[in-house]
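My entries follow in the order I made them.

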Amino acid sequence: MKHLASFSEKDDFDYRDFLASPVNFKSSKDHFLTLVENCKASITDGYYQKIVPSRREKFRTDKSFHPVKELVKLCEAYENAFVSLVYLPNQGLWLGATPELLISVDEDQNFETISLAGTQEIQPAFELSQASWMQKEIEEQALVSRYIINCFKKIRLREYEEYGPKTVKAGNLIHLKTSYKVNMKEVNFPQLGSVMLDLLHPTSAVCGMPMLPAAKFLQENENYDREYYSGYLGPINYEGATALYVNLRCAKIYKHDMILFAGAGVTEDSDPEKEWMETEIKFQTLLNIIQA
Ligand SMILES: C=C(O[C@@H]1C=C(C(=O)O)C=C[C@H]1O)C(=O)O
């Protein structure tokens, strides 16, 4: 951390030289509200159980914005998030602080995945024991849990441990989380990590159920390219362990702006205005900490 912080102060190269100006796009609230209505209508028709539409929004970055400094601030603010800063030529510079583990395998061959969904905004002094959840969020998260259990069923894996659901904090938000753990040595399944990765991604926390039709629905209706948002990233076989996270609460950084991405799980009980608000408060996870 110290190394990162001093890097940002002493180097005089301008990272902006590497970055493009963002393409112009209009972020329309009406479009998102109509999209949520269309998701609900398709769910009511009986074919889908859940769809997770998303949107993006452009924000001006402050003069003092520096990606490495912002990375350090995010690491300090969000102890439980996977905080990342990634530059890829032609794909740009991405900054994020995601609460969502996709899969991990530790050095002792313990596998873990989680089901994370349901969102509420909280104030800093909020105690987790005060949390109460509506039927809509409970059902929404249960769908993600069912999706994971179905993946285990496909590979006939019965020996998993399930913890939760319990309420967890992710910055300015709380979510419902259930963890699934498997001792890969005990079940004699050394490939479990890669097999589950193929089956899980994209989970119904970011896409929908059933998965393939929901992905097609989003491609046809979302009207923009998610790029790396809702993909996954993380260390692979680093010191014997792998931990891949879903790329949420993330921003693509441009010369003088950044584009933030956020989605919200829609079920038949969704209220479009509330889903819009949910994407707004998800943007705040980054905006509360970084210079914008
Ligand atoms: C889709 C996002 O988040 C996911 C959707 C959630 C929800 O619908 O309540 C909650 C956590 C994440 O699994 C996002 O942050 O963009």
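**Backbone entries**

I started with Pro165, which I found in strand β7. The model is a predicted one, and I read every value below as computed from that prediction. The bond between Gly164 and Pro165 is a cis peptide, with omega at about 5°.

I then went to the other cis peptide on my list, which joins His201 and Pro202 with omega at about -5°. Pro202 sits in a loop, with α5 (192–200) on one side and β9 (208–209) on the other.

I also checked Ser230. Its phi is near 70°, which is positive although the residue is not glycine. Ser230 belongs to the loop that runs between α6 (211–221) and β10 (232–233).

**Overall entries**

I counted secondary structure next: the protein chain has seven helices and 13 strands. Its C-alpha atoms fill a box of roughly 55 × 50 × 40 Å along the principal axes. I compared the radius of gyration with the value for a compact globule: 292 residues would give one near 19 Å, and the chain has 19 Å, so the two agree.

UniProt, in an unreviewed entry, places the feature "domain: Chorismate-utilising enzyme C-terminal" at residues 29–282. Over that range I noted 31% helix and 32% strand, with the end C-alpha atoms 15 Å apart.

**Sheet entry**

I traced an open sheet of five strands, and its order is β2-β13-β12-β4-β3 with antiparallel pairing.

β12 (residues 250–253) runs antiparallel to β13, and four bridges connect them. Lys252 stands opposite Ile259, a residue of β13.

**Cavity entry**

How many cavities of 30 Å³ or more does a search of the whole structure find? I found one. The largest cavity holds about 190 Å³ of space.

I listed 21 residues in the lining of this cavity, and those nearest its centre are Ala205, Leu248, Arg249, Gly263 and Lys282. At least two lining residues come from each of β6 (110–121), β13 (257–263) and α7 (272–287). β6 gives the most, with four residues. I sorted the lining by class and got ten nonpolar, five polar and six charged residues.

I turned to the open spaces. The largest pocket has about 460 Å³ of space. Its lining has 26 residues, and Asn80, Pro99, Lys169, Ala170 and Gly171 are the closest to its centre. β4 (92–98), β6 and β7 (161–170) are the elements that give two or more residues to this lining.

Which element gives the most to the lining of the largest pocket? I found that β6 does, with four residues. By class I noted 13 nonpolar, seven polar and six charged residues in this lining.

The second largest pocket has about 380 Å³ of space. I listed 16 lining residues for this pocket, with Thr119, Lys136, Glu137, Lys274 and Glu278 the closest to its centre. β6, α4 (135–154) and α7 each supply at least two of the lining residues. The largest share here comes from α7, with five residues.

**Cross-reference**

I marked β6 for a second look. This strand gives the most residues to the lining of the largest cavity and also the most to the lining of the largest pocket. In the second largest pocket, β6 supplies at least two lining residues.

I marked α7 too. This helix supplies at least two residues to the lining of the largest cavity and gives the largest share to that of the second largest pocket.

Definitions and conventions
Residues are numbered from 1 along each chain as its sequence is written. This is a predicted model: local features need pLDDT of at least 70, side-chain atom pairs count only at pLDDT 80 or more; totals for chains, interfaces and linings use all residues. Side-chain values use heavy atoms; hydrogens and water are left out. On a 1 Å grid over the protein atoms alone, a cavity is a set of points where a 1.4 Å probe fits but cannot get out, and a pocket is an open set with protein on both sides within 12 Å along at least five of seven lines; lining residues have an atom within 4 Å of a point. Grid points are joined across faces, edges and corners, and a volume is the space filled by probe spheres set on the points. Ala, Val, Leu, Ile, Met, Phe, Trp, Tyr, Cys and Pro count as nonpolar, Asp, Glu, Lys and Arg as charged, and the others, Gly among them, as polar. Two strands pair if DSSP finds at least two bridges between them. UniProt positions are given in the numbering used here, feature names are shortened, and annotations may be inferred rather than shown by experiment. The radius of gyration is taken over C-alpha atoms; the globule rule is 2.2 Å times the number of residues to the power 0.38.
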